[in-house]
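Please look at the sequence and the structure before reading on.

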Amino acid sequence: MLVLGIESSCDETAISLVKDGHEVLSSAISSQIQKHAEYGGVIPELAAREHLTNINEVLKLSLTEAGKSLSDLDGIAVTNHPGLLPALLVGTSYANGLSASLDIPVVGVNHLVAHIYGSFIERQDLLDSKTSITALLVSGGHTQIIILSPDGTCEIVGGTIDDAAGEAFDKAAKILGLPYPGGPIIDRMAKDGDPKKIDFPRPLKGKKEHRFNFSFSGLKTSLLYKVKDKELTKQEMNDMLASYQEAIVDVLTHKTFDAAKKYGSRNIVVCGGVACNSALRQRLKDLAEKNNVEVVLTPPKYCTDNAAMIAALGYHQLKSNPEPASIEAIPRAPKLTQVPFFNK
Ligand code: KG4
Ligand code: ZN
């Protein structure tokens, strides 16, 4: 089954063609990051305008890359929640229009479940897992630990009580006058810094009643005080960033492995934009060996926003519910209790 995936929930217009939920034929992305950079964050109306301007071109690129035409499609999947409403509306209207004109079904996809499924695109063997899988979802807006059971049920056992991990990177960059988004540049600069040089708090680490929860806003405030009225040298800046990043990586990995242990997971998947972070990936690898747990390091192209994960997940939804319907944009996601992709 050939599925066209459309992603427009935030600041990337992305369209992808995926066969049978795992064979990625194309993944075209038009990023608006530069357009939003001067505002230090994403402006919803600006995002919607950019999606509208670019979506036709991205579709053409995706079809060309895959060597397919619209008549080859069997179905359409579009992110319809959660996300910025004006941005979501562009994708859902476009998908509904294509579905009606091609007379093929369309399904609405949960962006967060799609991020999780991004870890499974190249690991289809895990769809037959007999034990639970612990997922760490770390993106610009979300930080959650989710336990996925082989019967398709899932439970969010922890999440952030304030900022998301991606926000912790983005806000640190803003404080230090670095460009948006902060994650990639902090990742690069931290490579030349000493992660043990500066002491940052480890929020909610060791707190029983918040065993799998996170808090990152205090960390950002701590950074603010440490750099206030100071001119940092390049080395001091790198040390500051490496130490700040270390605090995030330490808490994320500690709690994820703790959850895997408690829920008996043999596998951990890590997804969302922050899962590209090289220090996080290295720490996960090291801890995997020590704890005898397999960590799936999702390819970076499936960590940040992309439409391959939308089309790939959409395949599973289309398989179980091929009825034609019109998709509505819903800015807030309902509570996650099930994922539709495990082989039962
Ligand atoms: O998943 P994503 O592309 O979009 C959302 O759904 O939010 O995640 C974007 C977030 C941003 O906060 C960005 O700073 C962060 O992912 N990010 C990183 C890295 N690359 C992207 N954070 C840390 N290290 C990176 N290498
Ligand atoms: Zn995302």
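## Basis of the model

Where is the place of Pro-82? Pro-82 sits in the loop between β4 (75–81) and α3 (85–102). Helices (H or I, at least four residues) and strands (E, at least two) are DSSP runs, numbered from the N terminus.

This is a predicted model, in which local features need pLDDT of at least 70 and side-chain atom pairs count only at pLDDT 80 or more, while totals for chains, interfaces and linings use all residues. Residues are numbered from 1 along each chain as its sequence is written, chains are lettered from A and ligands numbered from 1 in the order in which they are written, and side-chain values use heavy atoms, with hydrogens and water left out.

## The largest pocket

Rolling a probe the size of a water molecule over the atoms shows where empty space is left. On a 1 Å grid over the protein atoms alone, a cavity is a set of points where a 1.4 Å probe fits but cannot get out, whereas a pocket is an open set with protein on both sides within 12 Å along at least five of seven lines; lining residues have an atom within 4 Å of a point. Grid points are joined across faces, edges and corners, and a volume is the space filled by probe spheres set on the points.

The largest pocket holds about 1400 Å³ of space. It is lined by 50 residues, of which Cys-10, Ser-139, Gly-140, Gly-141 and Asp-170 are the closest to its centre. Two or more lining residues come from each of α1 (33–37), α4 (111–118), α5 (165–175) and α6 (182–190), and α5 gives the largest share, seven residues. The lining divides into 22 nonpolar, 17 polar and eleven charged residues; here Ala, Val, Leu, Ile, Met, Phe, Trp, Tyr, Cys and Pro count as nonpolar, Asp, Glu, Lys and Arg as charged, and the others, Gly among them, as polar. Because domain 1 (2–116 + 303–340) and domain 2 (129–298) both give residues to this lining, the largest pocket lies between them. The domain bounds come from an automatic or database domain assignment.

## The second largest pocket

The second largest pocket has about 200 Å³ of space. Among its 13 lining residues, His-81, Asn-110, Val-113, Leu-336 and Gln-338 are the closest to its centre. The largest share of this lining, three residues, comes from β5.

## Ligand 1

Which residues come nearest to ligand 1? Of the 21 residues around ligand 1 (a heavy atom within 4 Å), these are Gly-140, Asp-170, Gly-183, Asp-187 and Gly-273.

Polar contacts are pairs of N or O atoms within 3.5 Å; within protein, one must be able to donate a hydrogen and the other to accept it, and residues adjacent in sequence count only if both atoms are side-chain atoms. A polar side-chain atom of Asp-170 is 2.7 Å from an oxygen atom of ligand 1. Polar backbone atoms also approach ligand oxygen atoms, at 2.9 Å for Gly-273 and at 3.1 Å for Asp-305.

## Backbone features

The peptide bond from His-81 to Pro-82 is cis, with omega near -20°. Tyr-180 and Pro-181 are likewise joined by a cis peptide bond, with omega about -5°, and Pro-181 belongs to the loop between α5 and α6.

Asp-20 is not a glycine, yet has a positive phi of about 55°. This residue is found in the loop between β2 (12–19) and β3 (23–31).
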